[in-house]
Amino acid sequence: VCSSDLASGMERLTLTGGTFSLRADANGVDAQGTMAVNGAPMQVDFRYPLHNAGPAHDTPAVITARGTATDDARRRFGIDAGDLLRGPIGLSARLEFDWQMALSSAAFEADLRGAQIDLPGEVWDKDAAAPGQARFVVQPGAGGSLNVTGITLQTPTWNGTGAISVAAASRQASGNISLNGYDVGFRWQGEADGKGLLLTTLQADDRMLAAFGYPVAPWVTGPMPMAFEVHTARTSITDLQVSANLRDAALRVPLYSKDPGAEAEAILGLSQSGGAFALRSFQVSAPEFAATGTFVSGPDGAWQRIDVARLVLSETDTAGMIERRPGGFAITADGQALDLRSILTGAAVGPATAALPAVEVSGHFGRVLVAEGRWLSDVTASALYSGGAWRRVNAGARLGNGSSVTFDLADAQGGQDVTIRSPTRANCSPRSGSSRVQPVAQAKSRAS
């Protein structure tokens, strides 16, 4: 029986407290014992077969290991999934070597019973009591490469298969994985200083995004192939960019819609802070629509404000800010032009608009298009949208002849009051009109 501390030579791997029993006879050498891998106890068994007092060329040497990786043990390995994965994971490995102790194959298995998978969404979550297993096989390839085959992941809500190829000498890895019917491809390139670049493609749709806690329907529905550009430093992610091809998706957002078949793309920039990813920037392009801007996030990583550097939509050309508030949002805009035709005609009303939370809007625009060829100038407005209808609108503008006009809408008993005031000509007393309308998303009134 022997006991010793072992140096692994790896920054994140420490082997300590090895205690083994050794037995040898004409049939081979056997060793059994325990050691701590980064503080996690492992049971290790080793068998080296002999034949006629020499190596048995046709029988592999085998090492098996069993242990449990707790949250703390995984953190010591530099692998911390935060709230996404918590709880103990049972690990087992079987490594086979030829008579010269060159690796011929390795099989690994993880028992996920007792572990909890908690995505931001709920569709693919796994509680600690549910069963789950992950398996894969490693086989050496040419030039010192490794082929990871037979990858399987099975839980009541996950079904994944795949294969990976790793070339350690050139610091490269690539592979393909199918996860719940969605295809994932990736390619990784590492550098000598520990930095790396991971490029991943994912055949996603609105249902998959909802499963991961990002419900985009009814605003975006259908297939949306995605690409991820991930910059890493050792086991940490330093920068992430996500792009989505929206050509085959349908877009139904307030003031804009796009049917499948029209080219469109969205790009998001994210950064990691405190184990969570925070949105950093965005860029969207589609027919007659383009937007760019940045996100300002809170301590929890959730965005609190969106600064829109520029929004171009049909005749609209503006900049603005969207702030998250309890129960809804506040939008402030300041721009050259605003196109209100779809709102005034009711074309912007639909399930996507009705699903909006409360929105408070204020802004100033050099010009506002209210009908084909009809513009208002120097427009200032504030409004409140709630419960699928505009509850309050206060606006002022100048007409083409230089006179002013005001528009006011407010909730009232049995409907909404709409008042429009405007002088007929310069230096004349103003004329006004008002009417009572039902509280709908678009209210129309005729002024006298």
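Seven aromatic pairs occur in the structure, where rings of Phe, Tyr and Trp (its six-membered ring) pair if their centres lie within 6.5 Å; planes under 30 degrees apart count as stacked, over 60 as edge-to-face and the rest as tilted. This is a predicted model, in which local features need pLDDT of at least 70 and side-chain atom pairs count only at pLDDT 80 or more, while totals for chains, interfaces and linings use all residues. Residues are numbered from 1 along each chain as its sequence is written, and side-chain values use heavy atoms, with hydrogens and water left out.

**Aromatic residues**

A pair of aromatic rings is described by the distance of the centres and the angle of the planes. Two of the pairs are given here.

| Pair | Centre to centre | Angle between planes | Class |
|---|---|---|---|
| Phe-295 and Trp-303 | 6.5 Å | 65 degrees | edge-to-face |
| Trp-303 and Phe-329 | 5.8 Å | 5 degrees | stacked |

Trp-303 lies in strand 25 (residues 303–313) and Phe-329 in strand 27 (residues 328–339), so their pair ties together parts that are 26 residues apart in sequence. Strands (E, at least two residues) are DSSP runs, numbered from the N terminus. Phe-295 is buried, at 14% relative accessibility, and Trp-303 is buried at 14% as well. Phe-329 is partly exposed, with a relative accessible area of 26%. For these terms, buried means under 20% relative accessible area, exposed over 50% and partly exposed in between (1.4 Å probe, protein chains only). Phe-282, Phe-295, Trp-303 and Phe-329 form one aromatic cluster.

Arg-324 lies over the face of Trp-303, 4.3 Å from the ring centre. The charged end of Arg-367 is placed over the ring of Trp-375, at 3.8 Å from its centre. A charge sits over a ring if NZ of Lys or CZ of Arg is within 6 Å of the ring centre and within 35 degrees of the ring normal.

**Nonpolar cores**

The largest nonpolar core has 36 residues, of which Trp-124, Leu-246, Phe-282 and Phe-289 touch the most other members. Strand 25 supplies the largest share of this core, four residues. A second, separate core of 16 residues includes Leu-338, Val-379, Ala-383 and Leu-409. Such a core is a set of buried Ala, Val, Leu, Ile, Met, Phe, Trp, Tyr and Cys residues joined through side-chain atoms within 4.5 Å. Leaving out residues up to four places away in sequence, Phe-282 touches residues including Ile-267, Leu-268, Phe-295 and Ile-306, where contact means heavy atoms within 4.5 Å.

Strand 14 (residues 172–179) and strand 15 (residues 182–190) pair in the antiparallel sense over eight bridges; two strands pair if DSSP finds at least two bridges between them. Leu-179 stands opposite Tyr-182 in strand 15. The two strands form a hairpin with two residues between them, and Asn-180 in the turn has a positive phi of about 50 degrees.

Strand 15 also pairs with strand 16 (residues 195–205), in the antiparallel sense and over seven bridges. Leu-197 in strand 16 is the bridge partner of Gln-189. Four residues lie between strand 15 and strand 16 in their hairpin, and Gly-194 in the turn has a positive phi of about 90 degrees.
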